[in-house]
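Here are some notes from going through this one. Have the viewer open as you read.

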Amino acid sequence: MWPDGSCCARRVLGRRGLCASGSAALVASVATPGGGARGGARGGARGAAGGALAGVGPVELAMSLAGVPPGPPTVALTLDACPGGFDARVAQALAELRIPATIFVTAIWLRRNPEGLAFLRDRPDLFAIANHGERHVPAVLGSGTIFGIPVAGTLDRIRREVEGGAEAVLAATGSRPGWYRTATGFYSVEAIPAIEALGVRVCGYSLAADLGASLPAPAVAARIAAARSGDIILGHINQPNRPSGAGIAAGVARLAARGARFVRLDEDVSVTQPTR
Ligand SMILES: [Zn+2]
């Protein structure tokens, strides 16, 4: 795992294939590491369907809301709490603006940030707690690293990562999380049904707002402010000492000023899981 707690979607990657859900309710695509730049602010390809995934390398799932109503944008704000700290700038901005969000936490983060957990739990009307794994290990088979993090390697190890994270969330909140997102955002295709078999919904994203909390605040704010309806926005809430968190706070304020409607993933939103 990363000692500084930074992680997910550090860079935007090109798409390799597409994952069809069999339903118009999901827009999903996949990308492989090193697959080339995905232009602009978007986090993943959209709108296409079909394509066999067997045999491809680790993939990102570009997942969007669907069935969103016309008019002002409907988006889901999702924030990863990898290892690291608690970015009160982000949390306080969301609380003040009354913007709901889904927070993907690791067991490591929960242990290290009791004050952050207390803040989130104090506003159950705003914050849903989801599973970012036990030890922040990418759900990827084989060997090697992604963004410097050793991959899980085996399905058993992936299951332990998912279940360990879920148990930590259950212990911390009293509720078992319904959603899981892998560390770094990458999955082995073969891992996805194994995770789903645990009764967990596998999450991706469509707009990487801060690229692993690596972007300057104005860039983060601009990316979020320009969100399109249906976006599942990915940011981070574990890097209080980086500029990007201020950008998330500013960006969601600008997006809210556009009249955006923010939904949580634990609501009955029109998002389905990739199927193969
Ligand atoms: Zn992470």
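This is a predicted model: local features need pLDDT of at least 70, side-chain atom pairs count only at pLDDT 80 or more; totals for chains, interfaces and linings use all residues.

**Notes on the fold**

1. As background, an α-helix has 3.6 residues a turn, so residues three or four places apart point the same way.

2. Helix α6 (residues 217–225) can be read in a similar manner. Its buried residues are Val220, Ala221, Arg223 and Ile224. Their arc around the axis is only 165°, which puts them on the same side of α6. They pack against β12 (207–208), β13 (232–236) and α7 (244–257). Note that Arg223 is listed among the buried residues.

3. Now the whole chain. It has 7 helices and 14 strands, and 53% of its 276 residues count as buried. Take the contacts between residues at least 6 apart in sequence: 80% of them join residues at least 24 apart.

4. The largest nonpolar core has 76 residues. Ile103, Val140, Tyr187, Ile195, Ile224 and Ile233 have the most contacts inside that core. Ile224 also belongs to the buried residues of α6.

5. Two backbone angles deserve a look. Most residues other than glycine have a negative phi. Arg98, not a glycine, has a positive phi of about 55°, and His136, not a glycine either, has a positive phi of about 60°. Both are in loops: Arg98 between α1 and β5, His136 between β6 and β7 (145–146). Which of these is buried, and which exposed? Arg98 is exposed, with 11 other C-beta atoms within 10 Å, whereas His136 is buried, with 26 other C-beta atoms within 10 Å.

6. Last, a glycine. Gly84 lies in the loop between β4 (74–81) and α1. Gly84 counts as buried because 28 other C-beta atoms lie within 10 Å. Its C-alpha atom is separated by 9.8 Å from that of Leu110, 26 residues apart along the chain.

Terms used:
Residues are numbered from 1 along each chain as its sequence is written. Helices (H or I, at least four residues) and strands (E, at least two) are DSSP runs, numbered from the N terminus. A residue is buried if 20 or more other C-beta atoms lie within 10 Å of its own, exposed if 12 or fewer, and partly exposed in between; C-beta atoms are placed from the backbone. A nonpolar core is a set of buried Ala, Val, Leu, Ile, Met, Phe, Trp, Tyr and Cys residues joined through C-beta atoms within 7 Å. Two residues are in contact if their C-beta atoms, placed from the backbone, lie within 7 Å. The arc is that of the directions from the helix axis to the C-beta atoms.
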